[in-house]
Amino acid sequence: MIVHDELVKLMGGEVSELVFAKSAPTIILLAGVQGVGKTTVCAKLANYLKKQGKSCMLIAGDVYRPAAIDQLVILGEQERFSRGQEKNIDVAIVDTAGRLQIDKGMMDELKDIKRVLNPTEVLLVVDAMTGQEAADAPRR
Ligand SMILES: Nc1nc2c(ncn2[C@@H]2O[C@H](COP(=O)(O)OP(=O)(O)O)[C@@H](O)[C@H]2O)c(=O)[nH]1
Ligand SMILES: [Mg+2]
């Protein structure tokens with residue numbers, strides 16, 4: 001029990017819950033470097049939210065990588081999300097193309113996407129192996 005408590009403390013005891021917009025839809029923007037798992041997280045997050053009774057829409061924002069849009073469609077279908085216009089969407093999850101901080105053009109584009117969409121939440125997708133370094137990445 002003590003070991004468990006200490007481990008929780010070590011990993012960071014505080015949990016921050018997802019914030020939902022006061023008036024729907026909540027917009028969640030996913031960011032992160034190439035191949036980290038953003039598109040996969042889109043489908044996983046939608047599945048998680050669906051179980052909480054929320055209707056979700058997946059928006060493909062990666063227009064650069066070949067088949068990135070098809071990938072999101074297929075993952076969405078696996079989670080039994082239908083393609084097409086849904087009504088009364090609670091949460092819109094926006095997939096984006098991976099980008100590195102050194103790529104100014106792509107970073108500026110992300111800022112533009114953020115400004116236009118005004119997302120409720122921006123989630124940085126990181127590999128679990130990244131460690132504490134991940135905490136400072138969004139500030140750079
Ligand atoms: N082992 C493992 N592989 C993952 C995980 N999430 C994504 N992947 C795989 O990592 C690769 C890149 O994932 P993707 O979602 O396309 O990353 P994106 O480029 O950030 O959109 C794919 O082959 C995924 O199947 C995970 O949690 N564990
Ligand atoms: Mg992707």
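Student: Which residues in α2 meet which ones in α3?
Tutor: Thr 39, Thr 40, Cys 42 and Ala 43 in α2 meet Gln 71, Leu 72 and Leu 75 in α3. Contact means heavy atoms within 4.5 Å. By class, this contact has four nonpolar, three polar and no charged residues. Ala, Val, Leu, Ile, Met, Phe, Trp, Tyr, Cys and Pro count as nonpolar; Asp, Glu, Lys and Arg count as charged; the others, Gly among them, count as polar.

Student: What should I keep in mind about the source?
Tutor: This is a predicted model, where local features need pLDDT of at least 70, side-chain atom pairs count only at pLDDT 80 or more, and totals for chains, interfaces and linings use all residues. Residues are numbered from 1 along each chain as its sequence is written, chains are lettered from A and ligands numbered from 1 in the order written, and side-chain values use heavy atoms, with hydrogens and water left out.

Student: Back to the helices. At what angle do α2 and α3 cross?
Tutor: Roughly 25°, and their axes come within 9 Å. Axes are lines fitted to C-alpha atoms, for helices over the stretch in contact, with angles from 0 to 180 degrees between N-to-C directions. α2 and α3 are therefore roughly parallel, a label for angles under 35 degrees.

Student: How many helices and strands in the protein?
Tutor: Five helices and four strands. Helices (H or I, at least four residues) and strands (E, at least two) are DSSP runs, numbered from the N terminus. The pattern along the sequence is α-β-α-β-α-β-α-β-α.

Student: New topic. How much space lies in the largest pocket?
Tutor: About 1,000 Å³. Of its 26 lining residues, the closest to the centre are Glu 14, Ser 16, Leu 123, Leu 124 and Val 126. A pocket is an open set of points on a 1 Å grid over the protein atoms alone, where a 1.4 Å probe fits, with protein on both sides within 12 Å along at least five of seven lines; lining residues have an atom within 4 Å of a point. The volume is the space filled by probe spheres set on the points, which are joined across faces, edges and corners.

Student: Which element gives the largest share of that lining?
Tutor: β4, with four residues. The lining has 17 nonpolar, five polar and four charged residues.

Student: Where is Pro 25?
Tutor: In the loop between α1 and β1. The peptide bond from Ala 24 to Pro 25 is cis.

Key
Parallel < 35°, antiparallel > 145°, perpendicular 65-115°, else oblique.
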